[in-house]
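Here are my notes on the model you sent over. Have the viewer open while you read.

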Amino acid sequence: MTDNTSGTALPSFGKTPTQRWPVILENRGWKDYRLLDMGEGRKLERYGKYTIVRPEPQAMGQPMLNQSVWERADAVFTGDTDEEGPGRWKFSGNVDETWNMSYGAVSYVGRFMSFRHVGLFPEQAAHWDWVSEKIREEKARQPKRQLKILNLFGYTGLASLLPAVDGAHVTHVDASKKAIAYARENQALSGLDDLPIRWICEDASKFVAREVRRGNTYDGIILDPPKYGRGPKGEVWDLYTSLPGMLDSLQKLLSKDALFMILTAYAIRSSFVSIHELMAETLSKQGGLLESGELVIREENSKRALSTSLFSRWSSR
Ligand SMILES: C[S@@+](CC[C@H](N)C(=O)[O-])C[C@H]1O[C@@H](n2cnc3c(N)ncnc32)[C@H](O)[C@@H]1O
């Protein structure tokens with residue numbers, strides 16, 4: 001359900017990755033997710049059986065659908081327009097505390113969380129599909145190779161469960177016990193309890209530093225860090241100051257035949273060029289391809305796209 005618009009190829013030197021930007025990775029939704037409409041600083045989405053209205057500062061145009069469609073929404077989040085800001089849910093009738101949805105072989109629970117989330121970030125589907133493609137291509141090339149994937153800041157686990165379904169061994173790291181429990185709930189709901197996933201509740205930077213010391217490596221790395229976060233022992237994550245050191249360590253964690261590394265950044269005032277340059281600097285000897293741009297979601301029945309995050313991703317081929 002994703003569509004890649006290729007950007008311009010930038011020059012490459014020696015083993016520097018070939019670089020390409022801007023790349024717009026577009027998601028048109030799936031059975032259990034649609035962006036229905038947006039405008040006047042809000043978006044109307046469908047998550048499985050529920051339609052939801054949430055603040056969306058990027059939705060600067062006018063809504064296209066009739067106001068009555070918006071008014072029929074099951075839940076409305078009102079309050080702060082900042083992604084991590086406070087606010088509250090208002091429900092139009094009786095809604096279930098949780099409800100089930102799926103993406104491919106993975107089922108997941110929807111839940112009206114504080115900070116406006118409902119348990120997944122649909123724009124990430126572009127990366128889920130790409131990772132799956134990379135794993136399948138490698139399996140076709142080397143059927144016996146056991147791939148190891150690291151998912152940092154993994155939240156409710158979709159980016160861990162999907163590669164595990166494709167046969168990878170996955171290490172999932174998140175600082176929040178609640179988030180890990182949620183991810184395991186999704187694993188159980190999917191009937192995938194036997195998959196080889198290590199669920200680790202720890203500060204991402206600490207975990208990565210330890211893995212470097214141990215000499216462990218991974219064939220694919222996914223990281224979707226927040227702007228600001230805390231580890232279980234109060235360790236501070238600040239994207240602007242922590243990311244360079246994190247990428248430097250992650251470069252050491254890439255195996256000799258590593259396949260990919262994906263960095264997403266949301267809710268920050270920056271440019272994809274900044275994270276592209278940081279990745280280019282860190283991966284300057286990796287060869288391969290480095291492409292960067294934005295993740296967007298395409299409205300149902302409309303020509304408009306909603307920008308959600310910046311990304312930069314490297315692949316060996
Ligand atoms: C919003 S989520 C990322 C979204 C996720 N990649 C996805 O697609 O569902 C950010 C996650 O980072 C975690 N986090 C915040 N600070 C952290 C830290 N210092 N170390 C590890 N995880 C952290 C939070 O608990 C949260 O689950």
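1. Ground rules. This is a predicted model, where local features need pLDDT of at least 70 and side-chain atom pairs count only at pLDDT 80 or more, while totals for chains, interfaces and linings use all residues. Residues are numbered from 1 along each chain as its sequence is written.

2. Domains. Across the boundary, 22 residues of domain 1 are in contact with 22 residues of domain 2 (contact: C-beta atoms, placed from the backbone, within 7 Å).

3. What domain 1 shows to domain 2. At least two residues each come from α3 (158-165), α4 (177-189) and β19 (305-315). Helices (H or I, at least four residues) and strands (E, at least two) are DSSP runs, numbered from the N terminus. The most comes from α3, with 4 residues. By class, this side of domain 1 has 12 nonpolar, 6 polar and 4 charged residues (Ala, Val, Leu, Ile, Met, Phe, Trp, Tyr, Cys and Pro count as nonpolar, Asp, Glu, Lys and Arg as charged, the others, Gly among them, as polar).

4. Ligand shell. There are 23 residues around the ligand, and the closest are Phe153, Ala175, Ser176, Asp224 and Gly229 (near: C-beta atom, placed from the backbone, within 6 Å). Two or more shell residues come from each of α3, β12 (169-174) and β15 (228-230). The class count here is 12 nonpolar, 6 polar and 5 charged.

5. A helix pair. Helices α6 (residues 239-253) and α7 (residues 272-282) pack at about 35°, axes 9 Å apart (axes are lines fitted to C-alpha atoms, for helices over the stretch in contact; angles run from 0 to 180 degrees between N-to-C directions). On the α6 side the contact uses Leu243, Pro244, Leu247, Asp248 and Gln251, and α7 answers with Leu278, Met279 and Thr282. That makes 5 nonpolar, 2 polar and 1 charged residues.

6. Asp238. Buried or exposed, what is Asp238? Asp238 counts as exposed because it has 12 C-beta neighbours inside 10 Å (buried: 20 or more other C-beta atoms within 10 Å; exposed: 12 or fewer; partly exposed in between; C-beta atoms placed from the backbone). Asp238 is in strand β16 (residues 236-238). Between the C-alpha atoms of Asp238 and Lys148, 90 residues apart along the chain, the separation is 27 Å.

Conventions
Two residues are in contact if their C-beta atoms, placed from the backbone, lie within 7 Å.
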